[in-house]
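Open the model in your viewer and keep the selection panel at hand. This tour goes stop by stop: what to select, then what is there.

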Amino acid sequence: MEKDEQGNWVLGFQSTQPFPEYYRVVITLETVVDPTSEIHVIEGDFSQNAEFGEELDIKEELVEIKQFLFSPSKLVVKKGTTITWINRDRVPHTATSHDDVFNSRNLSLGESFSYTFNDPGEYNYFCIPHPWMIGQIIVEE
Ligand SMILES: [Cu+2]
């Protein structure tokens, strides 16, 4: 581990959440610990682009596609939120908006697609091979 200018320990890790990317994590330690000791983060913020000292605002959400369902099927988020869909099924699925705002194309097992919602509104989407699979994203100001 390394320390940043503020004395925070900085480490890289692969999120236990099923995000497909690595996140940088800043932990402020309230006690002195041996840097080789194992640290368990019970509560924390994470962000891909956070600067040191910046207040972290989590704007990432995950929708899992499994057993022919979008889960959660409805999400309410703030504008600027990036949503990642990941396919957990063995058959390909898509996340395709009705108005062509986003289209993941076919996602195989384990593949993911991300889209950042910068405009408030209601986005309805479905899966092209299985059009009865539907979901909704509501983006608030
Ligand atoms: Cu599908």
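Which four strands form an open sheet with mixed pairing, and in what order? The order is β5-β4-β7-β9. Before selecting them, some ground rules.

**Ground rules**

This is a predicted model: local features need pLDDT of at least 70, side-chain atom pairs count only at pLDDT 80 or more, and totals for chains, interfaces and linings use all residues. Residues are numbered from 1 along each chain as its sequence is written. Strands (E, at least two residues) and helices (H or I, at least four) are DSSP runs, numbered from the N terminus. Two strands pair if DSSP finds at least two bridges between them.

**Stop 1: colour by secondary structure**

The protein has zero helices and 11 strands. Along the sequence the pattern reads β-β-β-β-β-β-β-β-β-β-β.

**Stop 2: the sheet β5-β4-β7-β9**

Select the four strands in that order. The edges are β5 (69-71) and β9, each with a single partner strand, so one side of each has no neighbour in the sheet. Neighbouring strands are turned by 20° against each other on average, direction ignored. The axes behind that angle are lines fitted to C-alpha atoms, for helices over the stretch in contact; angles in general run from 0 to 180 degrees between N-to-C directions.

Now take the pairs. β4 and β7 run parallel, joined by six bridges. β4 and β5 pair in the antiparallel sense over three bridges. There, I65 stands opposite F70 in β5. Zoom in on the hairpin of β4 and β5, which has two residues between the strands. Q67 takes a positive phi near 50° in this hairpin.

Stay on β5 and pick L69, which lies in this strand. Is L69 buried, exposed or partly exposed? L69 is partly exposed, because 18 other C-beta atoms lie within 10 Å. The cut-offs: buried means 20 or more other C-beta atoms within 10 Å of a residue's own, exposed means 12 or fewer, and partly exposed lies in between, with C-beta atoms placed from the backbone. Draw a C-alpha to C-alpha distance from L69 to I134: 7.7 Å in space, 65 residues apart in sequence.

**Stop 3: the sheet β6-β11-β10-β8**

Select the other open sheet: four strands in the order β6-β11-β10-β8, with mixed pairing. Its edge strands are β6 (74-78) and β8 (96-97), each pairing on one side only. β10 (residues 121-126) and β11 (residues 134-140) run antiparallel, joined by six bridges. Y123 stands opposite I137 in β11.

Centre on I137. Its contacts, leaving aside neighbours within four places in sequence, are L75, V77, I83, F117 and Y123. Contact means that two C-beta atoms, placed from the backbone, lie within 7 Å.

**Stop 4: the nonpolar core**

Select V63, I65, F70, I83, W85, I86, A95, L107, F113, F117, Y125 and I137. These 12 residues make up the largest nonpolar core. Such a core is a set of buried Ala, Val, Leu, Ile, Met, Phe, Trp, Tyr and Cys residues joined through C-beta atoms within 7 Å. β4 (60-66), β7 (81-87) and β9 (112-117) each supply at least two of its residues. β7 gives the most, with three.

Next, pick A95 in the loop between β7 and β8. A95 is buried, because 27 other C-beta atoms lie within 10 Å. Not counting residues up to four places away in sequence, A95 touches W85, S104, F113 and Y125. A95 and R105 are 7.2 Å apart, C-alpha to C-alpha, and 10 residues apart in sequence.

**Stop 5: zoom out, colour by pLDDT**

Of the 141 residues, 15% count as buried. Among contacts between residues at least 6 apart in sequence, 43% join residues at least 24 apart.

pLDDT is the predictor's confidence in each residue, from 0 to 100. The protein averages 77, and 59% of the residues score at least 70. Select residues 12-24: pLDDT stays under 50, and the model has 16 contacts beyond four places in sequence for this stretch. Then select residues 40-55: pLDDT again stays under 50, with 19 such contacts. Where pLDDT is low, the predicted coordinates should not be read in detail.
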